[in-house]
Amino acid sequence: MKKIALFPGSFDPLTSGHVDLIERGATLFDELIVGVFTNTNKKSFFTSEEKVHLIEEALAHIPNVKILAQETELTVTIAKKLGAQFLLRGIRSVKDYEYERDIMEMNHHLEPSLETVFLLADAKHSFISSSLLKEILTFNGDVAEYLPQNIYDAIVKKRDTNES
């Protein structure tokens, strides 16, 4: 049976830490689907369409990764439709673990056949979050080293356009 995993997130923006987890996750599964989902608690920098395009560019080097945008259904519903048996999640800290554990428990309650696989963030990425990077960008801080180049370029272009 083909091992399919879904890696859901808002990915706004996709960080180097995300890319590291996706590259590592892609070695564990036959197919890894990066699900660009909407987080109703966060204000998005990029539209869903922009995120999908940028993520496809950033991950083009990984042949068994696909990108999917989804804004209206639960993660477990989408996973089931895709035939995914696994959810891939990254953990940077104890705080992440506690948050992700609660989500894993609810997902297991909603869909018992779906297994969550946690990967620990590499130490060099453990302090990076999309929210933190957006905060730094708000005050024109330099975040280039924490993002894939194409995404950094798109952020700069969008920021410059919005300032004009």
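View 1. Ser10 is buried because its relative accessibility is 17%, where buried means under 20% relative accessible area (1.4 Å probe, protein chains only). This is a predicted model, in which local features need pLDDT of at least 70, side-chain atom pairs count only at pLDDT 80 or more, and totals for chains, interfaces and linings use all residues. Residues are numbered from 1 along each chain as its sequence is written, and side-chain values use heavy atoms, with hydrogens and water left out. Leaving aside residues up to four places away in sequence, Ser10 touches Val36, Phe37, Asn39, Lys42 and Lys51 (contact means heavy atoms within 4.5 Å).

**View 2. Thr75 in helix 3.** Thr75 lies in helix 3 (residues 75-82); helices are DSSP runs of H or I, at least four residues, numbered from the N terminus. With 19% relative accessibility, Thr75 counts as buried. Beyond residues up to four places away in sequence, its contacts are Leu6, Pro8, Phe37 and Leu87.

**View 3. The largest pocket.** Here 44 residues form the lining, and Asn39, Lys42, Arg89, Tyr99 and Glu100 lie nearest the centre. On a 1 Å grid over the protein atoms alone, a pocket is an open set of points where a 1.4 Å probe fits, with protein on both sides within 12 Å along at least five of seven lines; lining residues have an atom within 4 Å of a point. Helix 4 gives the most to this lining, with nine residues.

**View 4. The second largest pocket.** Helix 5 supplies the largest share of its lining, four residues.

Key. Buried means under 20% relative accessible area, exposed over 50%, partly exposed in between (1.4 Å probe, protein chains only). Helices (H or I, at least four residues) and strands (E, at least two) are DSSP runs, numbered from the N terminus.
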